[in-house]
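Please walk me through the fold in the structure shown here.

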Amino acid sequence: VCHGDFLKMDLAAVCDADKKSIVVGNLPYNVSSQILIRLFQNNNLFNRLFLMFQREVAIRCLAGPGGKDYGMLSLWTQLFSRAKKLFNVPANAFLPRPKVVSTFLQLDCPGRDYREEAEFIKFAKVLFSQRRKKASTVLKTSKTGASPTIRAWTDKRPEQLSLAELRQIWLWASGLSL
């Protein structure tokens, strides 16, 4: 058990990188997304997270493409974990009683390196900053030379694209390969 401001804590000093830790927490609702992202950025230290969120945040973590809840938090969660809802916790389980329902999630972290994904995350943030526009409009790029699949994907809005489709667009836009 560590006491302190989690967002300022040196996680590497607290955790043994050779023996991955399990994190269990009831996250403060106002910074839960920031804490989750910080955990993902240091996921080489953890193999499993058991975290309680405000239900609406948990829904965003678990959301798939096509819905209003799908966004960057969904991508972070899909990229760095295999997440599943364990159960809801009603407001009357707490004193004082909050005005929200909580959801307890299990996130198994396979150890994907944040540094290797940082450029893709920047790319996705750009796309999701204008989530209602077509990907081709946000990218301001010509689709010349793009495969029919890439052309079809870039005609969609970022909120309609899966993690795999976004990654392929990133590879194409970066000129890395396809």
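In helix α8, the buried residues are Leu163, Glu165, Leu166, Arg167, Ile169, Trp170, Leu171 and Trp172, where buried means under 20% relative accessible area, exposed over 50% and partly exposed in between, with a 1.4 Å probe and protein chains only. Helices (H or I, at least four residues) and strands (E, at least two) are DSSP runs, numbered from the N terminus. This is a predicted model, in which local features need pLDDT of at least 70 and side-chain atom pairs count only at pLDDT 80 or more, while totals for chains, interfaces and linings use all residues. Residues are numbered from 1 along each chain as its sequence is written, and side-chain values use heavy atoms, with hydrogens and water left out.

The buried residues of α8 pack against α4 (72–80), α5 (114–128), α6 (135–139) and α7 (148–154); contact means heavy atoms within 4.5 Å. Helix α8 has 12 residues (163–174) and should span 16 Å at 1.5 Å a residue, which agrees with the 16 Å between its end C-alpha atoms. The expected span is 1.5 Å times one less than the number of residues. Just after α8, glycine 175 has a positive phi of about 75 degrees.

Aromatic rings come next. Rings of Phe, Tyr and Trp (its six-membered ring) pair if their centres lie within 6.5 Å, and planes under 30 degrees apart count as stacked, over 60 as edge-to-face and the rest as tilted. The count by this rule is 8 aromatic pairs. Phenylalanine 40 and phenylalanine 80 have ring centres 5.8 Å apart and planes at 25 degrees, so this pair is stacked. Because phenylalanine 40 lies in helix α2 (residues 32–41) and phenylalanine 80 in helix α4, the pair ties together parts that are 40 residues apart in sequence. Phenylalanine 40 is buried at 0% relative accessible area, and phenylalanine 80 counts as buried at 0% relative accessibility.

Phenylalanine 120 and tryptophan 170 form an edge-to-face pair, 5.6 Å centre to centre with 70 degrees between the planes. This pair links helix α5, which holds phenylalanine 120, to helix α8, which holds tryptophan 170, 50 residues apart. Both phenylalanine 120 and tryptophan 170 are buried. Elsewhere, ring pairs link Phe40, Trp76, Phe80 and Tyr114 into a cluster.

The ring of phenylalanine 120 also has the charged end of arginine 167 over it, 4.7 Å from its centre. A charge sits over a ring if NZ of Lys or CZ of Arg is within 6 Å of the ring centre and within 35 degrees of the ring normal. Arginine 38 places its charged end over the ring of phenylalanine 6, 5.7 Å from the centre.

In the loop between α7 and α8 is proline 158, buried at 0% relative accessible area. Leaving aside neighbours within four places in sequence, proline 158 contacts Tyr70, Leu127, Phe128, Gln130, Arg131, Lys133 and Ala135.

What of the cysteines? The structure holds 0 disulfides, a disulfide being a pair of cysteine sulfur atoms within 2.5 Å. The sulfur of cysteine 61 is 12 Å from the closest cysteine sulfur, in cysteine 109, and therefore too far for a bond. Cysteine 61 is buried at 2% relative accessible area.

Overall, the protein has 8 helices and 4 strands, in the order α-β-α-β-α-α-β-β-α-α-α-α along the sequence. Buried residues make up 41% of its 178 residues.
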